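Keep the view open beside the text and take the points in order.

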Amino acid sequence: MSFLNRYSSHPVQVVLLVHSLSILISSAVSTETRKEASFPAIFVFGDSTVDPGNNNYIGTPFTSDFPPYGIDFENHIPTGRFTNGRLVTDFIASYVGIKEYVPPYLDPTLSMEELLTGVSFASAGSGFDTLTASLTQVIPVIKQVDCFKEYVRRIEEAVGKERAEELIKNALFVISAGTNDYVLNYYGPPIRKHTYTISAYHQFLVQIIQQFIQDLVDLGARKILTAGLPPIECLPIVITLNSLHSDAFHKRNCIDSLSSVAPDYNQLMGQTLKDMHNSSDLHILYVDIHNSLLNILRNTKKLGFEDANSGCCGTGLLETSFLCNPDSPVCSDASSYVFFDSVHPTERAYYIVFKDIIPTIDLLINS
């Protein structure tokens, strides 16, 4: 039985309404693309920050293959990306000369040519903690390795074991997850919080990450980028849920009591990755997205944004996934917002993050 069949219980949603907005946004957003591919393929694992639409094909309500998502994507198509346009991984794939967009692995229409240049196995709403994914009925990050194993079998049948091994050895691997483990899980239902202190939960997650990366390495991965946490205390939905007893509509400041969560986790994960990077042919690099996003939030006006504490969709305070839908009012210019919904950055914000991590990408290219 294929991985798709094991996780599917509903047919693919059919988008009945095509959202047409005549707005000028990030046409100026473009990537500096290399003429020759630095990697033969890109493989992506994680959550909604890097899921281009895998959740469209599984039985979960956490989807985004409907307007207003995708309003600034090519042909205004809502692909399942949780933003108005492209993701950081799309920009990365273009920059290193592989392709313009990273497709979802579970898309049954993908050609072998498309598969050979890489896919995303990520599932929105997921996390490293399996409890996180069970809360959202999505694919846990550690189970995404099973998808990758299935992928490897498919390409081995198509191009042979030797060529498949060479492809994987030289491919770029990207991992981005963890936010849901805190926002939806640790600070959500009183389960993990009753079992772990916050520092113990950091350790718990990092041990899972370490094993996950080792599994990829055992399957042939040699060049891996792993993103840390963003400033979760500044996500619009976090601000709202932690300001319900005050004025969540007008006092939209980051939550100080949560400001140490991401830095502490990132420091621990970064050191763990550094310890794992212990051979000349294995390169595992930490990607700092925290300071990049924090810089955007601290220099909102300077960087050309008008709003940094609410999303473009709906009220911008709570809406995400099915709550941000064709009936939701949408801001007139998504490029002026840091966040598209109450959780996910806009394409323009993602592009700035991408630009900030180019030096790390270049390190891997030149390694």
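1. Let's begin with a pair of strands. In this predicted model, strand E1 (residues 42–46) and strand E3 (residues 172–176) run parallel and are joined by five bridges.

2. What is the order of the strands in the open sheet of five? Reading across, the order is E2-E1-E3-E4-E5, and the pairing is parallel. Strand E2 (118–120) and strand E5 (283–287) are the edge strands, each pairing on one side only. From one strand to the next, the twist averages 15°.

3. The E5 side of the sheet deserves a look of its own. E4 and E5 pair in the parallel sense, over five bridges, and alanine 227 stands opposite valine 287 in E5. Although E5 is an edge strand, four of its five residues are buried, so E5 is largely enclosed by the rest of the structure.

4. Helix H9 (residues 198–218) lies across E1, E3, strand E4 (223–227) and E5, and runs at about 165° to E3.

5. Stay with H9 for a moment, as there is a simple check on its length. At 1.5 Å a residue, its 21 residues should span 30 Å, and the end C-alpha atoms of H9 are 30 Å apart, which agrees. Buried residues in H9 include Tyr201, Phe204, Ile208, Phe212 and Ile213. H9 is followed by glycine 220, whose phi is positive, near 115°.

6. Next, the nonpolar interior. In soluble globular proteins, nonpolar side chains tend to be buried together. Which residues touch the most other members of the largest nonpolar core? They are Phe43, Phe148, Tyr151, Phe173 and Ile213, in a core of 99 residues. Helix H13 (residues 347–365) gives the most to this core, with 11 residues. Another core, of 12 residues, lies apart from the largest one; among its members are Phe66, Tyr69, Ile71 and Tyr337.

7. Leaving aside neighbours within four places in sequence, isoleucine 213 is in contact with Ile175, Ile224, Thr226, Leu273, Met276 and Ile284.

8. Where does H13 bend? The bend is at isoleucine 357, by about 45°, and proline 359 follows within four residues.

9. Aspartate 90 has 1% relative accessibility; buried means under 20%, so aspartate 90 counts as buried. Not counting residues up to four places away in sequence, aspartate 90 touches Arg81, Lys99, Glu100, Tyr101 and Val102.

10. There is one more pair of strands to visit. Strand E6 (residues 307–311) is mostly covered, with four of its five residues buried. E6 and strand E7 (residues 337–339) run parallel and are joined by two bridges. Here aspartate 307 stands opposite tyrosine 337 in E7, and Tyr337 is also one of the members of the core of 12 residues.

11. Finally, a few backbone details to check. Most residues other than glycine have a negative phi, and most peptide bonds are trans. Proline 67 and proline 68 are joined by a cis peptide bond, with omega about 5°; proline 68 lies in the loop between E1 and H2. Glutamine 137 has a positive phi, near 60°, and lies in the loop between helix H4 (130–136) and H5. Serine 321, in the loop between E6 and E7, also has a positive phi, near 55°. Serine 321 is buried, with a relative accessible area of 2%.

Terms used:
Residues are numbered from 1 along each chain as its sequence is written. This is a predicted model: local features need pLDDT of at least 70, side-chain atom pairs count only at pLDDT 80 or more; totals for chains, interfaces and linings use all residues. Side-chain values use heavy atoms; hydrogens and water are left out. Two strands pair if DSSP finds at least two bridges between them. Axes are lines fitted to C-alpha atoms, for helices over the stretch in contact, and angles run from 0 to 180 degrees between N-to-C directions. Contact means heavy atoms within 4.5 Å. A nonpolar core is a set of buried Ala, Val, Leu, Ile, Met, Phe, Trp, Tyr and Cys residues joined through side-chain atoms within 4.5 Å. Buried means under 20% relative accessible area, exposed over 50%, partly exposed in between (1.4 Å probe, protein chains only). The bend at a residue is the angle between axes fitted to the seven residues ending there and the seven starting there. The expected span of a helix is 1.5 Å times one less than its number of residues.
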